Amino acid sequence: YGSTKNLSCPIEIKPAQSFGPIRLGSSMNDLKSLNLNIKSVGDSSQEFIVGMFSVSLDANEKVKFIGAEIGDLPNCLFFGKFKILKNLKIEKLARYFKDCEKPVLAKGGSYVQCKGISIRYDSWGGAQKTLKIRVEDES
C-alpha cells in the first residue's frame, strides 16, 4: 500500500465515533470550542463546513455526519494502528474498515458502505474526481 513510515498522519478516523477532532453527537458549542473556522452551507441551519470537514446536524442540533474530501486532508490518515495513504483506490481503502459491503464500482463513481463509515469516489465527465469519506452512526 505504499510506505507511510515517515509520514505524519494527524487526522484520525474512528468509524461511528469521530473524524479528526469532531465527534458524532457534538453540539454547535462543542464545534465552536475547537477553534476551527465554521461556515454554514447555503441557507441551511443543519449543514456546516468546520475547518476542512463537512458536518450535518440532526433535529436535536447534534452532529450526525462528518465528512471530508480526501484531497483536502493531509497525505495520510490514521486508523487504529494503520496509517492509510490517501491515494488508495476505493477497494483497497475499504479493506481497512469493518463489515464492508462489496464496493459498487461504476463509471460515474464508486461507493462502499462499511460499519460506521462510507467511502465515495465521484468521477463526473471523467474530469472531476473526488474521494469522500463520511463517518456516521452505525444505525
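1. The largest nonpolar core has 33 residues, and F19 and F97 are those with the most contacts inside it; such a core is a set of buried Ala, Val, Leu, Ile, Met, Phe, Trp, Tyr and Cys residues joined through side-chain atoms within 4.5 Å. Buried here means under 20% relative accessible area, exposed means over 50%, and partly exposed lies in between (1.4 Å probe, protein chains only).

2. The model is a predicted one, in which local features need pLDDT of at least 70 and side-chain atom pairs count only at pLDDT 80 or more, while totals for chains, interfaces and linings use all residues. Residues are numbered from 1 along each chain as its sequence is written, and side-chain values use heavy atoms, with hydrogens and water left out.

3. Three aromatic pairs are found in a search of the whole structure, where rings of Phe, Tyr and Trp (its six-membered ring) pair if their centres lie within 6.5 Å, with planes under 30 degrees apart counted as stacked, over 60 as edge-to-face and the rest as tilted. One of them is edge-to-face, because the rings of F19 and F53 have their planes at 65 degrees, with centres 5.1 Å apart. This pair links distant parts of the chain, with F19 in strand β2 (residues 18-19) and F53 in strand β6 (residues 53-57), 34 residues apart; strands (E, at least two residues) and helices (H or I, at least four) are DSSP runs numbered from the N terminus. F19 is buried at a relative accessible area of 0%, and F53 is buried at 3%.

4. The rings of F79 and F97 have planes at 50 degrees and centres 4.6 Å apart, so this pair is tilted. F79 lies in strand β8 (residues 76-79), whereas F97 lies in the loop between α2 and β10. Contact (heavy atoms within 4.5 Å) also joins F97 to residues including I13, I84 and C114.

5. One disulfide, a pair of cysteine sulfur atoms within 2.5 Å, is found in the whole structure, joining C100 to C114 with an S to S distance of 1.9 Å. C100 is in the loop between α2 (90-94) and β10 (104-106), and C114 is in strand β11 (residues 109-114). Is each cysteine buried or partly exposed? C100 is partly exposed, at 30% relative accessible area, whereas C114 is buried, at 4%.

6. E136, in strand β13 (residues 128-136), is buried, with a relative accessible area of 7%. Its contacts, leaving aside neighbours within four places in sequence, include A16, L24 and K64.
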